[in-house]
Amino acid sequence: MKSVRLLLSVVLMSLSTIAFTQSDVHKHGSASSAQPDAQNTDAAKTAAPKSEAQVSFDTLKTLAGEWEGTVKTNLPGIDPMANTRMHTSMRVTSRGNTLVHEFQEAGTPLDPAKYDHPVTMMYLDADRLNLVHYCDAGNRPHMTGKMSPDGKKVEFDFADLSGSNKHGHMHHAIFTLVDANHHIEDWTYMMPGDKPVQAHFDLTRITTIAAK
């Protein structure tokens, strides 16, 4: 059975590569006839500017890499997260179409069977920047994002929820880019009864993963 799954994976990857290759051939023609003409050159010069959603997504993809830092919450009384350091991994995948964000406690091994390891996916759908958070509360909140006028923040607002809201859901997220090696994440979790809990992550880059 393991060999069958491996073969299926190889076949799917091969089909994907063939599809993209054929698409490039249809777009550009054969290598022998691929001579740029004046019309193509002019079209390239007048290419439409990127949409706001694309610019926002490209900005977020510059965060690809490994990050660590402190977390603070607004929970009443003694903050149970006050002395906790978090590790954040962000990687670009699916030929540049998806940004994967993962949280875990710093200093803990990457365990493929770990069950409390929330994952967030960010992607474009037409002219909309989307975020889906696969929460350990057992649901999948969907948010849509926009960049601030100064280009330093990408803010995601709640759109809808898949799954149960029995234990609450992630409701809001802000990514603030301080510089190439420093960013801040502010996440808001909506508890049952519409009681917001905020978590502030101050993160420093420890490695870089080149965005494709």
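From the N terminus onward, the elements of this chain run α-α-α-β-β-β-β-β-β-β-β-β-β, which gives a count of 3 helices and 10 strands. The model is a predicted one, and every value below was computed from it. Of the 212 residues in the chain, 34% count as buried, while the accessible surface comes to about 13400 Å², with 57% of that area belonging to carbon and sulfur atoms. When contacts between residues at least 6 apart in sequence are considered, 41% of them join residues that are at least 24 apart.

**The nonpolar core and its aromatic rings**

The largest nonpolar core has 30 residues, and within this core Leu60, Met122, Phe156, Phe175, Trp187 and Phe201 touch the most other members. The element that gives the most to this core is strand E8, spanning residues 169-179, with 4 residues.

Several of these names return when the rings are examined, for Phe103, Phe156, Phe175, Trp187 and Phe201 form one aromatic cluster. The structure holds 4 aromatic pairs, and one of them joins Phe103 to Phe201 in a stacked arrangement, with 4.5 Å from centre to centre and 25° between the planes. This pair links distant parts of the chain, since Phe103 lies in strand E3 (residues 98-105) and Phe201 in strand E10 (residues 195-208), 98 residues apart. Both Phe103 and Phe201 are buried.

A further pair is made by Phe156 and Phe175, whose ring centres are 6.1 Å apart and whose planes stand at 80°, so this pair counts as edge-to-face. Here too distant parts of the chain are linked, with Phe156 in strand E7 (residues 153-162) and Phe175 in strand E8, 19 residues apart. Phe156 and Phe175 are both buried.

**A residue in strand E10**

Strand E10 also contains Ala199, which counts as buried because its relative accessibility is 17%, below the cut-off of 20%. Leaving aside neighbours within four places in sequence, Ala199 is in contact with Val71, Lys72, Thr73, Glu185, Asp186 and Trp187. The C-alpha atom of Ala199 is separated by 7.0 Å from that of Asn74, although the two residues are 125 residues apart along the chain.

**Salt bridges**

Side chains of opposite charge can pair when their charged atoms come close.

| Asp58 | Lys50 | 2.7 Å |

Lys50, Asp58 and Lys61 are linked in a network of salt bridges. Asp58 and Lys61 both lie in helix H3 (residues 52-61), where they are 3 residues apart, or about one turn of the helix.

Arg91 counts as partly exposed at 36% relative accessibility, while Glu102, at 16%, counts as buried.

Definitions and conventions
Residues are numbered from 1 along each chain as its sequence is written. This is a predicted model: local features need pLDDT of at least 70, side-chain atom pairs count only at pLDDT 80 or more; totals for chains, interfaces and linings use all residues. Side-chain values use heavy atoms; hydrogens and water are left out. Helices (H or I, at least four residues) and strands (E, at least two) are DSSP runs, numbered from the N terminus. Buried means under 20% relative accessible area, exposed over 50%, partly exposed in between (1.4 Å probe, protein chains only). Contact means heavy atoms within 4.5 Å. Accessible areas come from the Shrake-Rupley method with a 1.4 Å probe; for residues, only the protein chains shown count as cover. A nonpolar core is a set of buried Ala, Val, Leu, Ile, Met, Phe, Trp, Tyr and Cys residues joined through side-chain atoms within 4.5 Å. Rings of Phe, Tyr and Trp (its six-membered ring) pair if their centres lie within 6.5 Å; planes under 30 degrees apart count as stacked, over 60 as edge-to-face and the rest as tilted. A salt bridge is a side-chain nitrogen of Lys or Arg within 4 Å of a carboxyl oxygen of Asp or Glu.
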